[in-house]
Amino acid sequence: MGRGRPRAFDVEERLDRAMEVFWRHGYEGAALSDLTAAMGINRPSLYAAYGNKEQLFRKALERYLNGPGGYLERALEAPTARQVAEEVLRGAIRATTAEGRPRGCLVVQGALATGEDAAPVREEVLAHRRAAHAALRERLERAQAEGDLPPHVDPGDLARYLWTTADGLSVQAAGGATREELDRVADLALAGWPS
């Protein structure tokens, strides 16, 4: 049985390049010509390997969430709620200021400013954001049940506060704030941690 002609390029490496284009420009700002140029392939090869632009974005988003933007999973494993919070904020800072990577967050920048044609992409990004909030809220609820958070604190509000701060750090990073400046902001946010 014959094997098909092998692809002349590394699918995963090219996906990293596409992820960076979406990260820099957002979904709608990333033109197919930008994507094919960055990936070093033509349109037919892009469609054959990844599907259409929306499918490519979904794959790039998944790659981001399992790579540079995957700090939440590590943070949720921290032993205390305060350490979870610190890992969320420091993870956001590391992801949004890493040398050689785009500044800011693909999830924050990727699909917030989109038109009606991109509604499915925007909804996918929002679903990821909702899932991240729910996972953080559940971890904080567990911390509260274990006596690690005071009973008067609402874990849902605290999770939203942390994500709002992390998103703000991302926006500041995209605007040129340094890692040191953002670390000081995280220090201020954590100074008010409920005890």
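What percentage of the 195 residues of the protein count as buried? Within that picture, which residues of helix 6 are buried, and which helices do they pack against?

Tutor: This is a predicted model, in which local features need pLDDT of at least 70 and side-chain atom pairs count only at pLDDT 80 or more, while totals for chains, interfaces and linings use all residues. Residues are numbered from 1 along each chain as its sequence is written, and side-chain values use heavy atoms, with hydrogens and water left out.

To begin with the whole chain, 44% of the 195 residues of the protein count as buried, where buried means under 20% relative accessible area, exposed means over 50%, and partly exposed lies in between (1.4 Å probe, protein chains only). The protein has 10 helices and zero strands, running α-α-α-α-α-α-α-α-α-α from the N terminus on; helices (H or I, at least four residues) and strands (E, at least two) are DSSP runs, numbered from the N terminus. The C-alpha trace spans about 65 × 40 × 30 Å along its principal axes. Of the contacts in the protein with a separation of 6 or more, 68% are between residues 24 or more positions apart, a contact being heavy atoms within 4.5 Å.

Turning to the part in question, helix 6 covers residues 81-97, and its 17 residues should span 24 Å at 1.5 Å a residue, which agrees with the 24 Å between its end C-alpha atoms; the expected span is 1.5 Å times one less than the number of residues. Helix 6 is mostly covered, with 12 of its 17 residues buried. The buried residues of helix 6 are Ala81, Val84, Ala85, Val88, Leu89, Arg90, Gly91, Ala92, Ile93, Ala95, Thr96 and Thr97. An α-helix has 3.6 residues a turn, so residues three or four places apart point the same way. The buried residues of helix 6 pack against helix 1 (11-29), helix 4 (53-66), helix 5 (71-76), helix 8 (119-145), helix 9 (155-174) and helix 10 (179-191).

Helix 9 has 20 residues and reaches 28 Å from its first C-alpha to its last, close to the 28 Å expected at 1.5 Å a residue. Among its buried residues are Leu158, Leu162, Trp163, Asp167 and Leu169, and what covers the buried residues of helix 9 includes helix 5, helix 6, helix 7 (106-110), helix 8 and helix 10.

Helix 10 contains Glu181, which is partly exposed at a relative accessible area of 37%, and whose C-alpha atom is separated by 22 Å from that of Arg160, 21 residues apart along the chain. Helix 10 also contains Ala191, which is exposed with a relative accessible area of 63%; Ala191 and Glu13 are 178 residues apart in sequence and 41 Å apart in space, C-alpha to C-alpha.

On the side of helix 1, which includes Val21, that residue is buried with a relative accessible area of 9%. Not counting residues up to four places away in sequence, Val21 touches Gly26, Ala30, Asp34, Leu35 and Ala38, and its C-alpha atom is separated by 8.7 Å from that of Pro102, 81 residues apart along the chain.

The loop between helix 4 and helix 5 holds Pro68, which counts as partly exposed at 21% relative accessibility. Leaving aside neighbours within four places in sequence, Pro68 is in contact with Met19, Trp23, Arg63, Ala95 and Arg101, and Ala95 is one of the buried residues of helix 6. The C-alpha atoms of Pro68 and Cys105, 37 residues apart along the chain, are separated by 9.1 Å.
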